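Please look at the sequence and the structure first.

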Amino acid sequence: AAAVADEVRKRCSSVDARMVKVRTEALALYNYALRQGYSKAESSDYLESEEDNARMKQRRDRYLQAKGVKTGEEATYCRLGQAEIAAKSPIGSLLRSR
């Protein structure tokens, strides 16, 4: 959800990130990982992993394509962002209209 929301907010001038919500969700995920027994170093390694980042970008791009987003066409990113906000989806919860 965060990867898609981030791409939408970068590519659509009428949508922005709800940064407090983004940070709150990221901290909750980090704390969850710690409770599951992962170390701080393991969490950092995962976040900085080129392989994991590439995998996440592929998942993001497949989702965007499946939702009709066209690379370089701002209107398609905006349409998806507004639809996610209206649906109150996990992606939409990280976005807000400008």
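Is the crossing of H1 and H4 left-handed or right-handed? The crossing of these two helices is right-handed; a crossing has this hand if the near helix is turned clockwise from the far one by less than a right angle, and is left-handed if anticlockwise.

## Basis of the model

The model is predicted, with local features needing pLDDT of at least 70 and side-chain atom pairs counting only at pLDDT 80 or more, while totals for chains, interfaces and linings use all residues. Residues are numbered from 1 along each chain as its sequence is written, and side-chain values use heavy atoms, with hydrogens and water left out.

## Overall make-up

The protein has 5 helices and 2 strands. Helices (H or I, at least four residues) and strands (E, at least two) are DSSP runs, numbered from the N terminus. The order of the elements from the N terminus is α-β-α-α-α-α-β.

The C-alpha trace spans about 40 × 25 × 20 Å along its principal axes. Of the 98 residues, 26% count as buried, meaning under 20% relative accessible area with a 1.4 Å probe and protein chains only. The exposed surface comes to about 6,900 Å², and carbon and sulfur atoms supply 51% of it; the areas come from the Shrake-Rupley method with a 1.4 Å probe. Among contacts (heavy atoms within 4.5 Å) between residues at least 6 apart in sequence, 64% join residues at least 24 apart.

## H1 against H4

Two packed helices are described by the angle between their axes and the distance between the axes. H1 and helix H4 (residues 50–66) pack at an angle of about 65 degrees, with axes 9 Å apart. H1 is therefore roughly perpendicular to H4, a term for angles of 65 to 115 degrees.

On the H1 side the contact is made by Ala 3, Val 4, Glu 7 and Val 8, and on the H4 side by Met 56, Arg 60, Tyr 63 and Leu 64. These residues divide into 6 nonpolar, no polar and 2 charged.

## H1 against H5

Helix H1 (residues 2–11) also packs with helix H5 (residues 74–87), at an angle of about 130 degrees and with axes 9 Å apart. That makes H1 oblique to H5, the class left after angles under 35, over 145 and from 65 to 115 degrees are set aside. The crossing of H1 and H5 is left-handed.

Val 4, Glu 7, Val 8 and Arg 11 of H1 meet Glu 74, Tyr 77, Leu 80 and Gly 81 of H5. The contact comprises 4 nonpolar, 1 polar and 3 charged residues.

Note on methods
Axes are lines fitted to C-alpha atoms, for helices over the stretch in contact, and angles run from 0 to 180 degrees between N-to-C directions. Ala, Val, Leu, Ile, Met, Phe, Trp, Tyr, Cys and Pro count as nonpolar, Asp, Glu, Lys and Arg as charged, and the others, Gly among them, as polar. Buried means under 20% relative accessible area, exposed over 50%, partly exposed in between (1.4 Å probe, protein chains only).
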